[in-house]
Amino acid sequence: MKTYLSTAAAALLLTVPAWAQSALDTNGDGLVTMEEVQAAYPEVTADVFASMDADADGALNDAEIAAATEAGLLPS
Ligand SMILES: [Ca+2]
Ligand SMILES: [Ca+2]
């Protein structure tokens, strides 16, 4: 049982934290595109999206979503 518990704990640690896995990522690919953002927040414009997309790859990763949320650009 002890082994089972530590294995479960390790699995939990390896799992992406719930807060990092955005509900915005509707197709679950780990990136949030402008379409996915706008599906939830139609008021987010391309300009706002671009300001959230720090590395300008056209999608938001966990770090960018966290930063955008912290900056108040996305509701948490
Ligand atoms: Ca996605
Ligand atoms: Ca990006």
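Ala56 lies in the loop that runs between H3 and E2. In this predicted model, the phi of Ala56 is near 55 degrees, a positive value in a residue other than glycine. Most residues other than glycine have a negative phi. Ala56 counts as exposed because 7 C-beta neighbours fall inside 10 Å. Asp53 is found in the loop between H3 and E2 as well, but Asp53 counts as buried, since it has 20 C-beta neighbours inside 10 Å and the threshold for burial is 20 or more. Neighbours within four places in sequence aside, Asp53 touches Gly58, Leu60 and Glu64. Its C-alpha atom is 8.5 Å from that of Ile65, a residue twelve positions away in sequence.

The secondary structure of the chain comprises four helices and two strands, arranged along the sequence in the pattern α-β-α-α-β-α. Of the 76 residues in the chain, 14% are buried. When contacts between residues at least 6 apart in sequence are considered, 28% of them join residues at least 24 apart. The mean pLDDT of the chain is 83, with 72% of the residues reaching 70 or more. Over residues 16-20, pLDDT stays under 50, and for this stretch the model has two contacts beyond four places in sequence.

Helix H4 spans residues 62-70. Three of its residues, Glu64, Ile65 and Ala68, are buried. These buried residues fall within an arc of 100 degrees when seen down the axis of H4, and they therefore line one face of the helix. An α-helix has 3.6 residues a turn, so residues three or four places apart point the same way. The face turned away from the buried side of H4 carries the exposed residues Ala63 and Glu70. On the buried side, the packing partners are strand E1 (32-33), helix H3 (46-52) and strand E2 (59-60). Ala67 is also found in H4; this residue counts as partly exposed because it has 15 C-beta neighbours inside 10 Å. The C-alpha atoms of Ala67 and Ala54 are separated by 9.2 Å, the two residues being 13 apart along the chain.

The largest nonpolar core consists of eight residues, namely Val32, Val37, Phe49, Met52, Leu60, Ile65, Ala68 and Leu74. The elements giving two or more residues to this core are H3 and H4. In soluble globular proteins, nonpolar side chains tend to be buried together. Leu60, one of the core residues, is in contact with Leu31, Val32, Met52, Asp53, Ile65 and Ala68 once neighbours within four places in sequence are left aside.

The C-alpha atom of Ala46 is separated by 9.9 Å from that of Glu35, eleven residues away along the chain.

Just after H4, Gly72 takes a positive phi of about 80 degrees. Leu73 is likewise found in the segment after H4. This leucine is partly exposed, because 17 other C-beta atoms lie within 10 Å, a count between the limits of 12 or fewer for exposed residues and 20 or more for buried ones. Beyond residues up to four places away in sequence, Leu73 touches Val48, Ser51, Met52 and Ala68. Of these, Met52 and Ala68 are included in the largest nonpolar core. Leu73 and Met52 are 21 residues apart along the chain, and their C-alpha atoms are separated by 7.6 Å.

Technical notes. Residues numbered from 1 in each chain as written. Chains lettered and ligands numbered in written order. Contact = placed C-beta atoms within 7 Å. Arc of directions from axis to C-beta. pLDDT = per-residue confidence, 0-100. Core = buried A, V, L, I, M, F, W, Y, C linked by C-beta atoms within 7 Å.
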